[in-house]
Amino acid sequence: MTTISKEKLTGFYEDMVTARYYEERLQEEYLVGKQPAFDISAGPIPGELHLAAGHEASGIGVCHHLRDDDTVTAPHRPHHIAIAKDVDLDRMTAEIFGRETGLSSGKGGHMHLFDPEVNFACSGIIAQGCPPAVGAGMAAKKRGEDSVAVAFLGEGAISQGAFLESLNLASVRDLPVVFVIEDNDWAISMPKERVTAPLDGSRRADGFDMPGIRVDEDDVVDVYRAADEAIGRARDGNGPTLLELQVHRRMGHFMGDPETYRPEEDQELAKERDSIERLKEELRSHGVDEETMESIKTAAHERVDEAIEWAKEQPKPDPDAAYEDAFVNPPSGVTDTEPEFDLAGGED
Amino acid sequence: MTAETHPETVDRELTMSRAMVEAIADEMHENEEVFYMGEDVADYGGIFDSTQGLLDEFGHERIVDVPISETAYLGAAVGAAQEGMRPIAELMFVDFFGVAMDQIYNQMAKNTYMSGGAVNVPMVLTTAVGGGYNDAAQHSQTLYGTFAHLPGMKVVVPSTAYDAKGLMHNAIRDDDPVVYMFHKRLMGIGWMPAPDGPKTPVPETDYTIPFGSADVKREGSDVTVVTLGLHVHRALEAADSLAEEGVDVEVIDLRSLVPLDTDTVLESVRKTGRLVVVDEDYRSFGVTGEIIATAAEDALADLEAVERVAHPDVPIPYARPLENETIPDVEDIAAAVESVHR
Ligand SMILES: Cc1ncc(C[n+]2csc(CCOP(=O)(O)OP(=O)(O)O)c2C)c(N)n1
């Protein structure tokens, strides 16, 4: 079994406390102006907000194997994955606040974060990040590069056609793709036993002739080891893997979700099984003292606070910008656009 | 079935979602073959309250939570309908229709025709539409034009609780597939404030509103505004403010797109000579173009001016200043009316 260095572990810790605190701060900011009667259209952060507290072990354990040239597609609950993939935190935050300097100039918002610098993309439509990940794997293979693609999706998404079709295509073409199921037991209000068979999602791999691995506890070290195998296989040209990781949803599905469908014990359990606390135990056993952990956490919190402050000071987009960006090469009669950042795809 | 009761004679007011649910519950009591399936429709009661309370009354066998697999369950509704059942299947947001498009526009919509009428598909596809809460391009569309353009399905869009109930009764009883598009902002959900308009008196007895019967929501002699869904209320608000300036606006709520009540539109256009069409959907190739073409074909001589107000041909942006720019509001409608009235 691969040994994991103290530096690696503290790296996990740094990202996990960053992601957790980021969610806490977003929650606070999101609720500004939406109280006392929750009004989704009020306040500084517009639209829906899906928080990922309790999912950290998955995003961080997987993405710590990735380079900037590896592709990640994330679903509607993307922040922890984005942080672990080194998406620009300032511009991501500005995007969530709907500001001009946001990753997508305020057009996309929290479910549609695009950072071509680190090959990160999102979609709010269930499982629809899977086919583009297969495409990224195809491009890498055709070009003879050793980059890999990772598609994240929830356990509720694994009955979606796009996912199943993607497994098959990746398998028959032996593509360097890893599919990561984040199993938090719930798809909004639907518990997985009501809508998914079998309960172990990694068994979907059997039907597509690829390896399936399930990690039962949301332990970042276990996740890191499992991802090592899966991503290693992809990078070495040995094809796709399906990885299912148990995580927990500490919050409602989205902000404003009353969670009346969810037994209180289940909510409590989700909070008890805290992957950050688990990792702290691991760090202690490696001789990392409380002071060191505290200072990592403090620095992480500062970084988050700075990103949020910076984002809030950013200008709001000019209304006329609404007409830009539908095309990079606008047909006549359509407002022209000057891309401010380098284009990721072809530009002819 | 009773005839349409005039809403003003009833003193009970309901939100649009309560009215919709009441019709569904009535039909489920009357007919064992009616059932409802969709994501989060059971214990959650529908993300937009479209099935609130139905689980308690009918249980998980008739209010069915389904996997996130729109192709499978919308297609299953087609199959059950072809067997003579009367399924209602909910697509949580209309924007998600893309993942199941074949089942909708090739199977549900065309099987009657392709079978030469040998089979029919008596199902209702309910779906939430609309923006105005900054959820960006994958969660804010109305897509009225898309569904109305593809042949074989009836398309209804209520704007008030009264209409929602009568149209739902009609939809479930209809022997053809009906797409029932409810605007999130009209439902009366706690977390998404609605304008006052959609909450109306609703009779307790059942009643149907026939498809293809547009409703003149406000009579006027100067300008005709034709619209649907949320924008009925925005048009009425614009009409009220314009009345103070002496412009008398008639507001027509289409209520259904397929079939389309061209008579009511033409009659109004012949009276006013000035037409504004308002749509929350994309401007090109949509409801606005269709209504104006109808007026041009059949009332050209009476037509003095036309104007359309719609979402520009770009995806719906997230940030508030951008979305405010693109989704038509009361001022946009008032400005269009003024420009044709000049
Ligand atoms: C095609 C499609 N259908 C439905 C939805 C609405 N929706 C958004 S999130 C969600 C539940 C997702 O559950 P899961 O995949 O388990 O992820 P989790 O939210 O638990 O992280 C649903 C049904 C959607 N966005 N796209």
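Within chain B, 32 residues of domain 1 are in contact with 24 residues of domain 2. The model is predicted. The domain assignment places domain 1 of chain B at 7-201 and domain 2 of chain B at 215-341. Chain B also meets chain A, with 39 residues of chain B in contact with 49 residues of chain A.

**Domain 1 against domain 2 in chain B**

- Taken over C-alpha atoms, the centres of domain 1 of chain B and domain 2 of chain B lie 25 Å apart.
- About 2200 Å² is buried between domain 1 and domain 2 of chain B, and carbon and sulfur atoms account for 58% of that area.
- There are 2 salt bridges across the interface of domain 1 of chain B and domain 2 of chain B.
- Asp163(B) and Lys217(B) form a salt bridge, with their closest N and O atoms 2.7 Å apart.
- Counting residues at pLDDT 80 or more, 18 residue pairs are in polar contact between domain 1 of chain B and domain 2 of chain B.
- On the side of domain 1 of chain B that touches domain 2 of chain B, two or more residues each come from helix 6 (144-149), strand 6 (154-156) and helix 7 (161-173) of chain B.
- Helix 6 of chain B gives the most to this side of domain 1, with 4 residues.
- The class make-up of this side of domain 1 of chain B is 15 nonpolar, 13 polar and 4 charged residues.

**Chain B against chain A**

- The area buried between chain B and chain A is about 3500 Å², with 62% of it from carbon and sulfur atoms.
- Of the area that chain B buries against chain A, 21% is supplied by Ile68(B), Trp191(B) and Tyr318(B), which is more than any other three residues supply.
- The interface of chain B and chain A holds 2 salt bridges.
- Arg194(A) and Asp43(B) meet through their side chains in a salt bridge, at 2.9 Å from N to O.
- Polar contacts between chain B and chain A number 20 residue pairs, with both residues at pLDDT 80 or more.
- Strand 4 (86-93) and helix 11 (320-326) of chain B each provide at least two residues of the side of chain B that touches chain A.
- Helix 11 of chain B has the largest share of that side, with 5 residues.
- Sorted by class, the side of chain B that touches chain A comprises 22 nonpolar, 8 polar and 9 charged residues.

Terms used. Residues are numbered from 1 along each chain as its sequence is written. Chains are lettered from A and ligands numbered from 1 in the order in which they are written. This is a predicted model: local features need pLDDT of at least 70, side-chain atom pairs count only at pLDDT 80 or more; totals for chains, interfaces and linings use all residues. Side-chain values use heavy atoms; hydrogens and water are left out. Contact means heavy atoms within 4.5 Å. Buried area is the accessible area (1.4 Å probe) that two parts lose on being put together, summed over both. A salt bridge is a side-chain nitrogen of Lys or Arg within 4 Å of a carboxyl oxygen of Asp or Glu. A polar contact is a pair of N or O atoms within 3.5 Å; within protein, one must be able to donate a hydrogen and the other to accept it, and residues adjacent in sequence count only if both atoms are side-chain atoms. Ala, Val, Leu, Ile, Met, Phe, Trp, Tyr, Cys and Pro count as nonpolar, Asp, Glu, Lys and Arg as charged, and the others, Gly among them, as polar. Domain bounds come from an automatic or database domain assignment.
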